[in-house]
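Please look over the chain before reading on. The text below goes from the model as a whole to single residues.

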Amino acid sequence: MNETLRTLNLESNNITSSGNDQSGAIALSNALKKNQNLIVLNLTRNHITPQGGAELEQAMHKNKSLTMLDLSGNELSVDELNATESLIQVNRKRQRHGVAHPGQQEEPISVVEGTILREAM
């Protein structure tokens, strides 16, 4: 497990084979369940469908470090984006109040405030 990677930009990387195969989004979701170091993840324009989005949402229930997730330009509804955003907000609040996530020292974390970018379809 990579313990130093804090930002990952996968914009337009076709992790879903143009929406035909969500296994890339699912594999990334499984990694997010274990990785407690990544803070920023850009998944813009990867053809993530509701199936992949549901897996990402499930991962966010376990991930305590991610505070910025860009899902714009995917095939997700506003409701799906809002569900994921609420979990990101929990992580932001936790970090603003200095609550460390597993694998991190018990000192307050300094995180640049960001927002989830949405694109209504």
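This is a predicted model: local features need pLDDT of at least 70, side-chain atom pairs count only at pLDDT 80 or more; totals for chains, interfaces and linings use all residues.

Residues are numbered from 1 along each chain as its sequence is written, and side-chain values use heavy atoms, with hydrogens and water left out.

The pLDDT is the predictor's confidence in each residue, from 0 to 100. Its mean over the chain is 82, with 79% of the residues at 70 or more. Over residues 101-121 the pLDDT is below 50, and beyond near neighbours in sequence this stretch has 47 contacts in the model; contact means heavy atoms within 4.5 Å.

The chain contains three helices and three strands, which follow the pattern β-α-β-α-β-α along the sequence. Helices (H or I, at least four residues) and strands (E, at least two) are DSSP runs, numbered from the N terminus. Of the contacts between residues at least 6 apart in sequence, 79% join residues at least 24 apart. Of the 121 residues, 40% count as buried; buried means under 20% relative accessible area, exposed over 50%, and partly exposed in between (1.4 Å probe, protein chains only). The chain exposes about 6500 Å², of which carbon and sulfur atoms supply 50%. These areas come from the Shrake-Rupley method with a 1.4 Å probe, and for residues only the protein chains shown count as cover.

Helix H3 has 19 residues and spans 26 Å from its first C-alpha to its last, close to the 27 Å expected at 1.5 Å a residue. That expected span is 1.5 Å times one less than the number of residues. What do the buried residues of H3 pack against? They pack against helix H2 (50-62) and strand E3 (68-70), and among them are Leu81, Leu87, Ile88 and Arg92. Just after H3, Gly98 takes a positive phi of about 75°.

The largest nonpolar core has 19 residues, of which Leu41, Leu43, Ile48, Leu66, Leu69 and Leu71 touch the most other members. A nonpolar core is a set of buried Ala, Val, Leu, Ile, Met, Phe, Trp, Tyr and Cys residues joined through side-chain atoms within 4.5 Å. H1, H2 and H3 are the elements that give two or more residues to this core. In helix H1 lies Ile26, which is partly exposed at 22% relative accessibility. Leaving aside neighbours within four places in sequence, Ile26 is in contact with Gln51 and Glu55. The C-alpha atoms of Ile26 and Ala54 are 9.1 Å apart, although 28 residues separate the two along the chain.

One salt bridge is counted, under the rule that a side-chain nitrogen of Lys or Arg lies within 4 Å of a carboxyl oxygen of Asp or Glu. The partners are Glu11 and Arg45, with their closest N and O atoms 2.2 Å apart. Glu11 lies in the loop between strand E1 (7-9) and helix H1 (23-34) and Arg45 in the loop between E2 and H2, so the pair ties together parts that are 34 residues apart in sequence. Glu11 is partly exposed at 29% relative accessibility, and Arg45 is partly exposed at 46%.

The loop between E1 and H1 also holds Asn14 and Ser18. Asn14 has a positive phi near 55°, and Ser18 has one near 60°.
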